Amino acid sequence: MVHAATRIQLQRARELGLTDDGVHRTDGWPSGLVTRVSSAYWDGIGDEVVRHDPSETWRVYMQGAYRDLLRRWLVDAREGPTLKTDLFEEAVTAHHLFSDLGPNAIGVDLSPGVTHAAARRVSGADRRQTPRMLVADLRALPFATASLKRIFSGSSLDHFEQKTDIAVALAELERCLAPGGCLIVTFDNPHNPIVNVRNFLPFRLMRALKLVPYFVGATYGRDDVAREFAALGLRVTHLSTMVHVPRAPAIWIGRIREGLGRRGVSATLLRLFQACDRLEHSAIRFRTGYYLAVRAEKPKGAPQVVAG
């Protein structure tokens, strides 16, 4: 439950006392929801990823895959606020999605370091634009009930240790979503055998093998999506998969290429990665996709419960 003092009316976002970087730290969180350890961890991971960044070809491919998803599923982003639930890509690469979410986009991230880095990158060198970005925990969002027209949560909810935390965060997203609003969420796909095995391996081993750059936690499968979204009154309109190219080999190939001095985007590799995504339309898509992609809507007649 969100404390009343932490709720921020979205229409007053420009009056939040933003810093020069466009970052606002929300105080008064419920006890235990935000810890210095968790935020410091993501601060450090952001720095490490910048030093050991995946290949540019992979970044461009991932940006394109998500852009295609948003193009198909996101309703008109020109009206009303759109929330993006993490700012990691905005912090570490120019190939991010914040600018695709329209003029009323707002972003949140648990890490102050990531949020500041994202704000600096998005605002640009000339500082003519101040993006609206906040430090916040997805389990206690600082927005008024029913204040967001669209929410895009790209693989943000699968970094919690327990499914119970995913459920709390998902309930917060539902609370903030306006009736008639659109929610797009992606999860690590547990139906993919590679992802499933990866999730059972010790994290230190995965880091040593460079299979993942950061902690990956619990996730939702199709049954979880059907049950939890329905329990919140969200109507799932689309359930699909995305990113069908084997992730680790694709990144390794790109890094080897760049290690040989061949910088920039490889058009050949990019076409190969994109060709793999034709599997989205195949009968085995839930076995080959690295992410489950869910689009849901909040019925217009949904009752609004204001937390006290």
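The following questions and answers concern a predicted model. Residues are numbered from 1 along each chain as its sequence is written, and side-chain values use heavy atoms, with hydrogens and water left out. Local features need pLDDT of at least 70 and side-chain atom pairs count only at pLDDT 80 or more, while totals for chains, interfaces and linings use all residues.

Q: At what angle do helix H2 and helix H9 pack, and is H2 parallel or oblique to H9?
A: Helices (H or I, at least four residues) and strands (E, at least two) are DSSP runs, numbered from the N terminus. Axes are lines fitted to C-alpha atoms, for helices over the stretch in contact, and angles run from 0 to 180 degrees between N-to-C directions. Angles under 35 degrees count as roughly parallel, over 145 as roughly antiparallel, 65 to 115 as roughly perpendicular and the rest as oblique. The axes of H2 (residues 56-73) and H9 (residues 247-259) lie 8 Å apart at an angle of about 135°, which makes H2 oblique to H9.

Q: Is Trp73 buried or exposed?
A: Trp73 belongs to helix H2. Trp73 touches Cys182, Ile184, His238, Ser240, Ala293, Val294 and Arg295, not counting residues up to four places away in sequence. The relative accessibility of Trp73 is 6%, so Trp73 counts as buried.

Q: How far apart are the C-alpha atoms of Trp73 and His238?
A: Along the chain, Trp73 and His238 are 165 residues apart. In the model, their C-alpha atoms are separated by 8.5 Å.

Q: How many disulfides does the count give?
A: A disulfide is a pair of cysteine sulfur atoms within 2.5 Å. Cys176 is buried at 0% relative accessibility, and Cys276 is partly exposed at 22%. By the distance rule, the number of disulfides is zero.

How values were computed. Buried < 20%, exposed > 50% of the residue type's maximum accessible area, 1.4 Å probe, protein only. Contact = heavy atoms within 4.5 Å.
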